[in-house]
Amino acid sequence: MSSFRPDPPIKIHPDPYSFLSGIDHFDRLPDSILLLIFNKITDVKALGRCCIVSRRFHTLVPQVENVVIRVDCVISDDDASAAAAGSIDKSRSTFSNLIRLVFGGIVRPIQALGQLLSSKRSTLCSTSSLSVGGGNSSGIDEDLHHGGVTHHSPTQVLKNFNEIRSLKIELPNGELGIEDGVLLKWRANFGSTLDNCVILGASSVVYPNKHEEIVNNGDVFCNGGSGDDNGSIPESFYTNGGLKLRVVWTISSLIAASARHYLLQPIIGDHKTLDRVVLTDGDGQGVVSMNRGQLEELRVKPLSASSASKRTLVPALNMRLWYAPVIELGDGTVMKGATLVAIRPSEHHQSDVVSSDLSWISSAFDDHESYGLAAKMLVKRRTYCLEMNSF
């Protein structure tokens with residue numbers, strides 16, 4: 001009796017030498033799949049390299065929706081060929097001058113601010129332009145494909161992208177030069193002007209197994225301090241320069257945020273499809289964010305620029321401040337002189353700030369576990385109110 005035997009399965013092996021015959025397997029992929037791949041790449045330099053691979057890629061790359069620009073250097077208006085380090089050093093020096101002015105006997109910080117804003121046009125925040133370098137891979141236009149290293153602003157690099165929805169720009173460094181061991185982070189949201197800003201600072205951060213006595217910027221602490229108190233700010237905070245330092249932190253952060261917002265204006269005007277824009281830095285020091293509604297607001301209501309420098313005018317502000325001499329986090333990290341400042345324009349009714357809904361404050365640093373926890377701990381303490389005039 002004969003048995004039926006099915007034919008053995010046929011195995012198809014790809015021809016390893018198919019590339020010799022000129023077959024491009026990417027040609028078999030539909031445009032929608034290629035766009036998914038390009039949207040995962042996001043980096044504008046890598047997309048520039050993809051763009052020069054083929055005519056098809058050159059056509060598809062401008063349709064990418066997610067783009068990340070990592071700025072190589074910052075070029076001042078006074079010297080378009082200056083390197084990033086020089087511009088950043090000038091910026092750090094200017095902010096250092098502000099601190100020295102305040103601690104050198106100027107009681108009212110706004111006077112120091114005026115001197116800062118009227119100083120020589122050399123700071124990153126007020127007069128510099130951003131530059132994306134890279135020879136033949138820095139953009140998608142033919143004029144970016146010359147040999148050697150060329151520099152182009154983000155506006156130039158993005159000019160041929162027509163479908164961008166999410167844009168992230170990363171500066172090489174934070175603008176604020178701070179001492180080693182000092183923590184200063186800020187997050188700001190803008191429409192046509194400042195919507196809100198949250199600043200987290202500490203005179204020092206001591207990590208596990210490194211607890212020691214530290215005297216830093218007017219904040220005095222003992223080894224292993226628990227931070228137990230009634231939530232009040234100690235008298236030494238006012239007499240030893242602690243309050244002055246926090247004022248400097250606040251003004252410096254607002255200047256940096258308003259300068260970044262000013263730089264975004266031409267990009268936002270050119271790209272109507274944007275849903276979200278983030279301008280951050282490699283140090284993670286500060287972040288300017290704008291959502292769809294805020295972007296539309298800026299297009300309808302142009303920003304008010306400061307007459308003294310290239311930055312958005314900061315409106316009159318209501319501020320809330322929380323302070324703790326010592327905060328110990330769950331991982332054993334100790335923040336000394338921990339400070340949280342929440343800022344909104346005075347035109348927002350003060351109840352917006354003092355209401356029970358503080359989620360916009362406590363969640364501002366949720367992208368970092370330790371900082372997020374510190375913010376949530378600080379908002380439970382006693383609150384202090386401050387005001388600041390427009391500048």
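So, β7 (194–202) and β14 (334–345) run antiparallel, with 5 bridges joining them; strands here are DSSP E runs of at least two residues, helices are H or I runs of at least four, numbered from the N terminus, and two strands pair if DSSP finds at least two bridges between them. Within that pairing, G201 sits opposite T339 in β14.

Quick word on the source: this is a predicted model, where local features need pLDDT of at least 70, side-chain atom pairs count only at pLDDT 80 or more, and totals for chains, interfaces and linings use all residues. Numbering starts from 1 along each chain as its sequence is written, and side-chain values use heavy atoms, with hydrogens and water left out.

Back to β14. Strand β13 (residues 317–328) is joined to β14 by 11 bridges, antiparallel again, and L321 faces V341 there.

Now the second largest cavity. A cavity is a set of points on a 1 Å grid over the protein atoms alone where a 1.4 Å probe fits but cannot get out, and lining residues have an atom within 4 Å of a point. This one holds about 30 Å³, the volume being the space filled by probe spheres set on the points, which are joined across faces, edges and corners. T339 and V341 turn up again in the lining, which also includes G201, R246 and W249. β7, α9 (242–270) and β14 each supply at least two lining residues.

How values were computed
On a 1 Å grid over the protein atoms alone, a cavity is a set of points where a 1.4 Å probe fits but cannot get out, and a pocket is an open set with protein on both sides within 12 Å along at least five of seven lines; lining residues have an atom within 4 Å of a point.
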